[in-house]
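Hi everyone, thanks for coming.

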Amino acid sequence: MVQRFFKLDKNYILKEAQQSVRQELLQQMVAFVKEEYLRQSNPLGLIDDTVRTIQQAEEPSTRQLHDFYHILAGIYRYRHGSNQLELLFDGASHFEKYQQEWCSIFTEWYRQFCQKPGFIKAVLEVSVFYPKDRKGQLAEARMRAFLSQQFNDLRIHKRYGILQSKTA
């Protein structure tokens, strides 16, 4: 079943482009978050158990971040997406154009998010320090709460999708 976040969420090329780069972008985000944590919280480069765990996490899990990514992709489609295809004269397909634009904005967003210590801690919790046998409801709720704070002009509901906030 295809989930639509809002009434006109019908740009299927953009959705497919976003899904095709999900794993790559999430791995880039986790790697950047690890570097930012070490830069912000450990500027002297002292090695303790936490730092050692972060540095040794070669292939951190991004499974718990899929819902976060899905919502962020929906927010992008809500704010920037259009169902009308434009004429491209550079020889690129719409799929390639959407991939490039989405990768750029996603990278920009997670770099901005890393200025908030809560985001860094939440991402590390769900990717590096997350036990494999635990359910991710609390972690997903924390990431969802962060998105609600970051995009306070929007309300994000599981059932109703993305709605414009009445206070904005």
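H1 and H5 lie oblique to each other, because oblique covers whatever is left once angles under 35 degrees count as roughly parallel, over 145 as roughly antiparallel and 65 to 115 as roughly perpendicular. Their axes, for H1 (residues 12–20) and H5 (residues 94–113), come within 8 Å and cross at roughly 55 degrees. Axes here are lines fitted to C-alpha atoms over the stretch in contact, with angles from 0 to 180 degrees between N-to-C directions. Helices are DSSP runs of H or I, at least four residues, numbered from the N terminus.

A word on the source: this is a predicted model, where local features need pLDDT of at least 70 and side-chain atom pairs count only at pLDDT 80 or more, while totals for chains, interfaces and linings use all residues. Residues are numbered from 1 along each chain as its sequence is written, and side-chain values use heavy atoms, leaving out hydrogens and water.

So who meets whom? On the H1 side we have Ile13, Leu14, Glu16, Ala17, Gln18 and Ser20, and they meet His94, Phe95, Tyr98, Gln99 and Trp102 of H5. Contact means heavy atoms within 4.5 Å.

Now look at tryptophan 102, in helix H5. Tryptophan 102 is buried, at a relative accessible area of 0%; buried means under 20%, with a 1.4 Å probe and protein chains only. Leaving aside residues up to four places away in sequence, tryptophan 102 touches several others, including Gln18, Leu25 and Tyr76.

Last stop: arginine 77, in helix H4 (residues 66–80). Arginine 77 is buried too, with a relative accessible area of 5%.

Methods:
Helices (H or I, at least four residues) and strands (E, at least two) are DSSP runs, numbered from the N terminus. Buried means under 20% relative accessible area, exposed over 50%, partly exposed in between (1.4 Å probe, protein chains only).
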